[in-house]
Amino acid sequence: EASQFTNPGPFEQATMDCKRLTMLDTFDGFRCDINKQVSPYMAVVHNFWLGTTMIPDGRKRSYTWLTQVADTDSMFMAR
């Protein structure tokens with residue numbers, strides 16, 4: 001006999017909807033995140049932080065570039 005209840009998903013993700021509403025992404029200075037889907041298999045992310053005191057080594061600015069290539073069998077990510 002099939003259960004009338006649907007599968008709620010993995011236990012690790014049970015509180016994700018609540019966390020998205022209650023956990024604030026706080027920072028100081030200026031922050032810019034740019035995400036671009038280049039193709040169905042490739043995405044590029046640019047991340048700028050300017051005038052922040054939240055970087056552990058004392059720098060006041062940061063730039064990160066990330067690219068991700070994935071298909072149904074594997075994933076490659078580079079920074």
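Me: How do you know that strand E2 (residues 42-50) pairs with E1?

Reply: In this predicted model, 9 bridges join E1 to E2, and the two strands run antiparallel. Pairing asks for at least two bridges, so E1 and E2 count as paired. One example to look for is Cys-32, whose bridge partner in E2 is Phe-48.

Me: Nice! And what makes E3 and E4 partners?

Reply: Here 4 bridges join E3 to E4. Since at least two are needed, this pair passes as well, and its strands run antiparallel. E3 and E4 form a hairpin, with 4 residues between them.

Me: Why are E1 and E4 said to stand at the edges?

Reply: Follow the order of the open sheet of 4 strands: E1-E2-E3-E4, with antiparallel pairing. Strand E1 (30-39) and strand E4 (75-78) each have a single partner strand, so one side of each has no neighbour in the sheet. From one strand to the next, the twist averages 10°.

Me: Why is Val-69 called partly exposed?

Reply: Val-69 has a relative accessible area of 37%. Buried means under 20% and exposed means over 50%, so a value in between is called partly exposed. You can find Val-69 in strand E3 (residues 61-70).

Notes
Residues numbered from 1 in each chain as written. Predicted model: local features only at pLDDT ≥ 70, side-chain atom pairs only at ≥ 80, totals over all residues. Heavy atoms only, no water. Axes fitted to C-alpha atoms, helices over the stretch in contact; angles between N-to-C directions. Buried < 20%, exposed > 50% of the residue type's maximum accessible area, 1.4 Å probe, protein only.
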